[in-house]
Amino acid sequence: MSLRPLQAVLPDELARAAGIDLTDARRIVSLVHRTGGLPERAPATIRRRALDAVRAIGYVPALEAIERLPSAVDPFVKYAFRLPDGAVIEAVRIPLEREGRFSACVSSQVGCALACAFCATGRMGLGRNLEAWEMVEQVRALRADLPPGGRIHGVLFQGMGEPLANVERVVQAIRVLAEPSAQAIDMRNVTVCTAGLPGGIRALYREVPAVRLGVSLGSAVPGRRRALMPIDGAHPLDEVIAAVGEHARATGLSPMLAYTLLAGHNDGDEDAAALADLCERFRARFGVGPRLSLIPFNADPLDGSFARSERLDAFRATFRARGLGTIVRYSGGSDVGAACGQLARARTERVKWTPDVAPLSGRD
């Protein structure tokens, strides 16, 4: 019988699998998430029989923290973790407006198969899907490295990979992250970002309807979108938007439409008008207005195919003239490759990271 990684197990699942009381299961899950392991001796609050039963079916695997790269220009921090099979993934700690609160931007795959032209991760190709415990451990590791009084307030599945190509494990990770005896992160503060997989979008609102959805558009002009995002060949934008609308109706949540401005590719007046038309049609059809997030392009030092647009203000003017709001996303940490679209194997000087509180421990 293969052992189960305990970081990805909910208390009721653990109780059934180990044949123990739900109260003991909750306390053991809490212990795993607080300490990163199982104690040699049962604490006074947990029966020894229960702990032994859990040991028989589960263990606590480890990620290796190999890099910690703080930005020199803003409070973003990028981390690199080596997985048990030797692959490396990256995660980012994002500061929020309220001091002491942070979001964890985590990876869901090693690399990515979707090959979006403007994304460094897409040029890696796909290594493999991450397991649910590997996603949870990224959050646990970032939490262990918080400044005094700091708190992980939310989680973004927007790191390496396409989350909805690994939707079952992503959903399980979200459930564990939200579990009060595990990471206790409100699902309403979790966002899953996708390049556009309709089946995954539908699975998301069926399984975790409180979770927010973000969709990368690339362009609202079909031919241009396909040139930037090959996934459009399999799932055209109209099909994606229909699934996004279903999500909005089912959850009552406004989707975030993310649009990276690329000089000479998708930043013209025609592009802005097409995007504004899409937003207006969406509201009329589904009764929920999307939130439009404009993202300045973050350059990849190893690829000069794209440049940051200088037409951000002119682009936004189209939306203002039509009574549509936009936000400009600040994507920090670009000096250490932590900004949107930059996560790939670390290309900056390696920095050994030894956390004050070891976030991960080996098998007990």
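Q: Why is Val-77 called buried?
A: In this predicted model, local features need pLDDT of at least 70, side-chain atom pairs count only at pLDDT 80 or more, and totals for chains, interfaces and linings use all residues. Buried means under 20% relative accessible area, exposed over 50% and partly exposed in between (1.4 Å probe, protein chains only); Val-77 has a relative accessible area of 3%, so Val-77 is buried. Residues are numbered from 1 along each chain as its sequence is written, and side-chain values use heavy atoms, with hydrogens and water left out.

Q: Why does Asn-166 count as buried?
A: The relative accessibility of Asn-166 is 3%, and therefore Asn-166 counts as buried.

Q: What makes the pairing of the Asn-166 and Arg-169 side chains a polar contact?
A: A polar contact is a pair of N or O atoms within 3.5 Å; within protein, one must be able to donate a hydrogen and the other to accept it, and residues adjacent in sequence count only if both atoms are side-chain atoms. The side chains of Asn-166 and Arg-169 make such a contact at 3.1 Å.

Q: Which residues is Phe-157 in contact with, leaving aside its neighbours within four places in sequence?
A: Contact means heavy atoms within 4.5 Å. Among the partners of Phe-157 on that basis are Val-106, Met-135, Ile-174 and Val-192.

Q: Which residues touch the most other members of the largest nonpolar core?
A: A nonpolar core is a set of buried Ala, Val, Leu, Ile, Met, Phe, Trp, Tyr and Cys residues joined through side-chain atoms within 4.5 Å. Of the 105 residues in the largest one, these are Leu-14, Ile-20, Ile-28, Phe-81 and Phe-157.
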